[in-house]
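Please keep the sequence and the coordinates in view while reading.

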Amino acid sequence: MLSAATRITIARMTAPLFFWLSLAFLVGQACLVVLWVDVPNLRESALVALEEVDPEQELNLADIGQARAIGLGLDPQTQREELATQHRVVTLLLLIWPLIIAESAFHWLTRSWSRANRWFHFYGFLFCLCPSLRLCARSVEMDRRLWLPGLGWRRSDKRLRRRLERTFSLPMIAIALLILPVLAIEFFFKTQVVQHEWLRFALHVSTGVIWFAFALEFILMVSVAEKKFDYIRTNWIDLAIILLPLLSFLRSLSLVRSTKVAKLLRVSKLTRLASMYRMRATAVKALRALILWDVLERLLRPDPEKQLQKLKEDLNQRELEIRILKREIYRAERKLRRDVGDSEPVMTGADIAVAADTTLASDEV
């Protein structure tokens, strides 16, 4: 069993390394979302655009057949480039994955299995399933603090949560608004997307950046949230944006497997492939809609600090109005006593307090 000082030293040395490894894993996941979901969806859109093109219209391509091949990514060069990119990304993920598993196994062996540490062991199991979740893992050795670049070791308290919320607020709105030009290009410039490779590349990069930003913010905010399930329930739209492309890809895999079965049963292969493309297109459209919904929610969500300041100002205004009303009541009672012929009453403690409020309110007015 390692000593406490040794485990603290190891935690300080390895926390930055595993943070960046987890971030690299998340970048790899964003690349796979683009390669496995967005690229096939854009190919289907390109095919639809080519079918709608007038054959006499010039496309600056050799012929419609070549345009169809490029739009679907069926030309050998495009396929080789995509396969090479997928191979590099998957290799990166496979290099990072064992390191995260090794860290979790090290913690299982060196940390006590007491009731206080049971959640940390459970989180270690989740990190083994998805290493990007390791981004902001709290450390038992560092008194349940977490490490963040530029901030160092911090406690997961309200101050840190407010700071991260302010940090992500405007950038996330700007990134989510990228979906507007993406939608405009996909719907109104389908032919240009087929013709220009740089335009297709820009659309893929935009999709990857949007997905990566949502996933990064969600993982960080869940890590620092005091009640994680409450945060997930409140921000379910962000979770849906993250999971929808992954579920779409898994569904596509099942359809591919069913295609092989269909071939054995002499069922049309094209029908199965068309179903797969429609499912992917539907998933991508749902993803776009969720992002737009999230943008509106962020824009309409009140700023907590501004809301608190406004409530304080409203409270001060109400207190001033109450003091003015007390002054009017005091004056009305004195006038009523004089009208009925009563002598001036002796001021009680309550009257003195009202008079003091009256003087203060008069000064403020």
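Predicted model: local features only at pLDDT ≥ 70, side-chain atom pairs only at ≥ 80, totals over all residues.

Rings of Phe, Tyr and Trp, the last represented by its six-membered ring, are taken to pair if their centres lie within 6.5 Å. F218 and Y231 are both buried. Elsewhere, F19, W20 and W147 are linked into a cluster by ring pairs.

The discussion now turns to helix packing. Two packed helices are described by the angle between their axes and the distance between the axes. For helix α3 (residues 76-110) and helix α4 (residues 118-129), the angle is about 165 degrees and the axes are 8 Å apart. Angles over 145 degrees count as roughly antiparallel, and α3 and α4 are therefore roughly antiparallel to each other. The crossing in which α3 passes α4 is left-handed. On the α3 side, the contact is formed by W97, I100, I101, S104, H107 and W108, while α4 contributes H121, G124, F125, F127, C128 and L129. Of the residues in this contact between α3 and α4, 8 are nonpolar and 4 are polar, and none is charged.

Helix α3 also contains T110. Is T110 buried or exposed? Its relative accessible area is 10%, and because buried means under 20%, T110 is buried. In sequence, T110 is 107 residues apart from S3, yet the C-alpha atoms of T110 and S3 are 9.4 Å apart in space.

Helix α6 (residues 179-188) packs with α8 at an angle of about 145 degrees, and their axes are 10 Å apart. The crossing of α6 and α8 is left-handed. Which residues make the contact? From α6 they are I179, V182, I185 and E186, and from α8 they are L199, L203, S206 and I210. This contact of α6 with α8 comprises 6 nonpolar residues, 1 polar residue and 1 charged residue.

Definitions and conventions: Residues numbered from 1 in each chain as written. Heavy atoms only, no water. Buried < 20%, exposed > 50% of the residue type's maximum accessible area, 1.4 Å probe, protein only. Phe/Tyr/Trp six-rings, centres within 6.5 Å; stacked < 30°, edge-to-face > 60°. Axes fitted to C-alpha atoms, helices over the stretch in contact; angles between N-to-C directions. Helix = DSSP H or I, 4+ residues; strand = E, 2+ residues; numbered from the N terminus. Parallel < 35°, antiparallel > 145°, perpendicular 65-115°, else oblique. Left-handed = near helix turned anticlockwise from the far one by under 90°. Contact = heavy atoms within 4.5 Å. Nonpolar A, V, L, I, M, F, W, Y, C, P; charged D, E, K, R; others polar.
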